[in-house]
Number of protein chains: 4
Amino acid sequence: MKFSLVSQLDYEITNPLTFLLSVRAQQCPGQKVLAENFSISVTVPHQLQECFTTGTRFDRVHAEIPGIYTIRYEAEVEVESERLPAGELPQRGPETFSLEVLPYLYPSRYCQSDRIGRLAFDLFGHLTTPEQQMRAVTQWINTRISYVSGSTGSSTSAVDTLVERAGVCRDFAHLGIALCRAMNIPARYFTGYAHDLQPPDFHACFEAWIGGRWVFQDPTGLASPEGVVRIGTGRDASDCSVNTAFGSMRLRKQIVECHALDPAFQKMTPEELAAFSVSLEPGPPLW
Amino acid sequence: MKFSLVSQLDYEITNPLTFLLSVRAQQCPGQKVLAENFSISVTVPHQLQECFTTGTRFDRVHAEIPGIYTIRYEAEVEVESERLPAGELPQRGPETFSLEVLPYLYPSRYCQSDRIGRLAFDLFGHLTTPEQQMRAVTQWINTRISYVSGSTGSSTSAVDTLVERAGVCRDFAHLGIALCRAMNIPARYFTGYAHDLQPPDFHACFEAWIGGRWVFQDPTGLASPEGVVRIGTGRDASDCSVNTAFGSMRLRKQIVECHALDPAFQKMTPEELAAFSVSLEPGPPLW
Amino acid sequence: MKFSLVSQLDYEITNPLTFLLSVRAQQCPGQKVLAENFSISVTVPHQLQECFTTGTRFDRVHAEIPGIYTIRYEAEVEVESERLPAGELPQRGPETFSLEVLPYLYPSRYCQSDRIGRLAFDLFGHLTTPEQQMRAVTQWINTRISYVSGSTGSSTSAVDTLVERAGVCRDFAHLGIALCRAMNIPARYFTGYAHDLQPPDFHACFEAWIGGRWVFQDPTGLASPEGVVRIGTGRDASDCSVNTAFGSMRLRKQIVECHALDPAFQKMTPEELAAFSVSLEPGPPLW
Amino acid sequence: MKFSLVSQLDYEITNPLTFLLSVRAQQCPGQKVLAENFSISVTVPHQLQECFTTGTRFDRVHAEIPGIYTIRYEAEVEVESERLPAGELPQRGPETFSLEVLPYLYPSRYCQSDRIGRLAFDLFGHLTTPEQQMRAVTQWINTRISYVSGSTGSSTSAVDTLVERAGVCRDFAHLGIALCRAMNIPARYFTGYAHDLQPPDFHACFEAWIGGRWVFQDPTGLASPEGVVRIGTGRDASDCSVNTAFGSMRLRKQIVECHALDPAFQKMTPEELAAFSVSLEPGPPLW
């Protein structure tokens with residue numbers, strides 16, 4: 001499926017600083033950037049870099065002159081997601097985890113999985129496969145946590161959301177990750193663009209390591225697993241800021257757009273979501 | 001019902017200090033101290049005081065000389081608790097609360113009811129009377145929180161227990177209080193002696209303000225509502241320390257005993273607990 | 001000194017509810033309400049009550065009809081504060097505390113004094129009198145914490161402010177209280193009106209129990225100790241809400257005004273603040 | 001400098017499980033394992049793996065049979081640390097950071113640098129170079145935090161330590177990391193063996209990224225920078241567990257030993273520590 005993306009960020013800068021933007025679609029297995037354009041309204045030195053462990057791409061910008069900097073990114077991206085029949089993902093336990101997935105098993109800034117082991121097993125321990133547990137986690141969050149814009153902030157963590165029962169996509173993702181890790185299911189943070197997201201914004205979801213594959217989950221239910229484009233991969237939001245600024249700058253305006261280019265594109269139905277898990281990365285045959 | 005109580009605390013004191021002990025049974029409506037003896041092994045100035053709002057009694061001791069101080073309290077106490085048929089407590093809403101119960105509605109150090117409103121209503125909002133909600137809170141804590149000696153400390157709060165799902169009687173009581181207050185049910189901390197408690201120790205429970213009465217609840221299930229003797233009443237454990245010391249002293253040994261004097265005394269059965277709420281204070285006729 | 005006060009709160013109410021307003025000046029030792037008028041734009045049952053332990057006054061309102069409720073309070077109040085020469089307050093230790101001040105020594109919802117004993121003694125332990133310690137606490141907060149409107153919320157506590165180093169008057173007061181209590185100085189929350197406060201709002205400060213007197217402190221430095229009128233007294237903000245609502249209602253507009261009526265009124269100068277501690281309650285002679 | 005190491009861990013295992021041990025010295029730039037022996041008292045499948053991003057080595061063990069498993073590691077390791085004259089490390093700002101150091105700049109589970117920016121700049125913002133700031137951080141922690149065995153637990157974080165002012169080596173390291181990151185200095189967790197550490201245990205310290213080099217810091221002052229052998233590198237303790245167990249097992253006994261083999265080895269003196277920063281990895285010439 002092909003998507004057209006636009007993001008525009010207008011920053012006000014008053015003092016010289018360096019910042020790292022992360023708005024570009026990844027070039028990664030399952031995702032191909034067919035065309036892209038990145039521009040800054042002010043002529044400044046800037047450099048594109050790619051993290052070799054996560055694949056996240058950064059534009060490093062050094063701004064010397066005060067003013068409004070309009071950063072605009074446009075791209076056409078193809079994503080080859082894969083539907084995996086629910087219930088047929090292999091049941092591979094922790095003894096099969098390679099060291100590369102280990103960082104996604106440990107607790108992180110916003111996902112204190114170390115504190116919620118009893119709670120996770122109380123809620124989901126009766127389920128017998130990691131896939132069932134992951135699905136139940138997503139379902140539980142979707143049902144029990146209220147989506148309330150503006151209810152949380154940049155220091156809100158999974159434990160806060162568990163207590164306060166409200167948040168936004170970032171908080172839903174953090175809680176999903178924390179609950180999965182608490183049950184020894186590696187889970188990682190996903191940020192990206194989502195088809196026709198309302199209200200338009202960058203989106204946050206998560207992926208769980210099930211049967212040797214990264215399986216996509218959106219506890220908010222706002223995005224279709226087949227309708228997202230990856231920007232960042234990380235342990236949690238701390239790894240996936242849109243902007244890591246070494247100094248102060250102020251966001252004045254933001255535009256984010258994402259549309260599937262195939263007019264036949266449809267969100268997965270509840271029946272399809274029940275019948276399939278979706279992986280955004282091509283993987284080995286399941287058995 | 002009459003109870004015989006013993007508590008003994010052996011403290012090591014190295015520097016002069018003042019401390020306030022709270023080990024005596026209250027003299028309050030529904031509870032009569034028939035006989036008591038309080039002794040300190042070292043001759044020191046000491047003074048008995050009673051808090052006029054809560055009725056809690058304190059022995060203020062000033063220790064000048066280093067050494068081991070053995071404090072021993074023995075008493076015979078009569079408690080007139082009242083069985084209130086479940087489901088028949090009047091449904092009086094917040095509009096009837098007098099200012100005296102207000103402090104027990106506000107959040108306190110260990111009971112952050114202000115943070116868990118959504119959670120409480122998610123779990124218990126479908127229940128239609130405060131009495132049903134209070135009973136469901138107690139039942140939920142008893143089922144979902146593991147009693148694990150040594151799992152918590154002096155700064156553990158209701159929110160921690162909600163997340164970590166383990167604790168001791170103090171934590172169970174704090175969580176019960178926080179959940180009740182979050183649903184606009186005033187709730188207060190109770191410390192006291194409990195008949196044949198195993199392992200022997202002071203006990204912590206809570207009381208909820210239902211239909212104009214303080215109704216006793218023990219989410220640990222370790223004590224029978226008719227088998228307890230009140231020492232302290234407060235917002236939470238911060239108001240009910242066994243010892244408030246203005247300086248450092250070390251507890252070397254502790255003995256706590258409580259036995260019903262009537263050989264016919266029996267713990268309430270599950271059926272009785274289902275059929276009756278128990279108030280430790282005599283109150284006005286229900287209707 | 002006489003003050004004229006106005007507060008007006010416009011609430012939107014959609015469902016029937018009871019709420020308790022606390023906007024009236026206290027009638028207490030040192031403070032006399034010369035005249036007052038309290039009105040609600042909609043005719044509803046309402047009742048004035050006074051808490052017998054704290055003296056805080058509440059208007060209990062029951063609103064049945066949806067609509068905008070404009071609550072307006074106007075008063076003329078006389079406050080007889082007392083200047084106590086700095087350094088001359090008696091040094092009375094914890095052994096002299098009566099049970100009435102004990103609740104202000106214990107940790108409370110927003111003032112976790114139990115966690116910061118080491119920190120408080122590290123910062124202020126070298127000072128030899130409680131009065132010096134209290135003054136150093138106020139000075140330290142004023143210097144080290146940034147006043148940033150909107151930086152904190154209703155669940156922000158003293159420990160958060162200690163870590164994040166920013167807040168508003170409520171947070172400054174909580175931190176002052178927590179630090180004092182951590183050094184065995186009873187401290188309580190004060191809410192009220194402050195002369196010509198900018199921007200106009202209700203104000204929060206604290207009082208410390210020094211030498212047998214409640215001494216007023218404003219760590220924000222925005223109010224003059226002789227320019228405030230007490231509304232509420234409590235352990236912390238949890239006891240002193242402007243509005244305790246048993247249901248949902250929305251504040252649409254707020255007006256708060258306070259002016260000294262004597263044109264000669266002046267804020268205390270830094271020199272005067274250094275030379276005198278101020279108590280808002282008349283007390284016994286110091287020695 | 002050469003070191004001889006021993007660690008022995010006796011675990012009681014009752015149910016089959018997989019666990020990952022991390023007790024081996026790293027094979028990394030600046031550190032060479034001259035000889036080593038790793039043994040398990042029970043014959044079980046086990047496999048050595050090395051994390052390709054951090055270099056940490058893991059022994060993956062699958063235990064089927066209940067019993068006591070004695071794991072013993074002995075090694076002789078050579079470490080080539082480098083003394084860098086204090087004050088001469090180049091002052092390279094964030095604009096020079098490569099993406100590899102970025103993960104060590106972001107907040108992590110136990111190092112919430114995002115919350116303490118104001119505090120860090122208040123304490124250390126007057127210092128003009130990152131090296132001075134890093135040294136001041138280490139000095140501040142050493143002076144203001146009390147080393148108290150048993151005072152903290154596995155969920156204690158840098159923010160807790162900042163508030164409670166007590167902890168063990170792990171907590172000291174977390175606080176050092178959090179404060180450095182809050183000032184835009186990348187910092188990472190170091191676990192390892194330390195020469196003649198008292199009491200004998202694994203040790204935790206941190207490294208800060210200064211002038212293009214990882215510079216070693218031990219805020220506890222217990223280890224000499226030239227007297228340590230690296231086991232693990234990570235964002236914080238969550239990445240560097242001695243044992244990641246997928247199931248329950250119980251540590252019954254632990255032995256840890258580390259001795260410099262050169263009898264002339266001496267701990268760096270305070271004067272030397274003031275004059276030199278130490279890097280455990282060989283690096284490019286400074287200028």
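Student: What makes about 2800 Å² the area buried between chain A and chain D?

Tutor: Buried area is the accessible area (1.4 Å probe) that two parts lose on being put together, summed over both. For chain A and chain D of this predicted model, that gives about 2800 Å², with 61% from carbon and sulfur atoms. Leu99(A), Arg109(A) and Phe246(A) supply 24% of the area that chain A buries against chain D, more than any other three residues.

Tutor: Residues are numbered from 1 along each chain as its sequence is written, and chains are lettered from A in the order in which they are written. Local features need pLDDT of at least 70, side-chain atom pairs count only at pLDDT 80 or more, totals for chains, interfaces and linings use all residues, and side-chain values use heavy atoms, without hydrogens and water.

Student: Why is the pair Asp114(D) and Arg109(A) called a salt bridge?

Tutor: A salt bridge needs a side-chain nitrogen of Lys or Arg within 4 Å of a carboxyl oxygen of Asp or Glu. The closest N and O atoms of Asp114(D) and Arg109(A) are 2.8 Å apart, so the pair meets the definition. Between chain A and chain D the count is 4 salt bridges.

Student: How do you know how chain A and chain D are related?

Tutor: Copies are superposed by least squares on the C-alpha atoms of residues with pLDDT of at least 70 in both. A rotation of 180° with 0.0 Å of shift along its axis places chain A on chain D, with RMSD 0.0 Å. The two copies are therefore related as by a two-fold rotation axis. In chain A, the C-alpha of Arg109(A) is nearest the axis, 1.8 Å from it.
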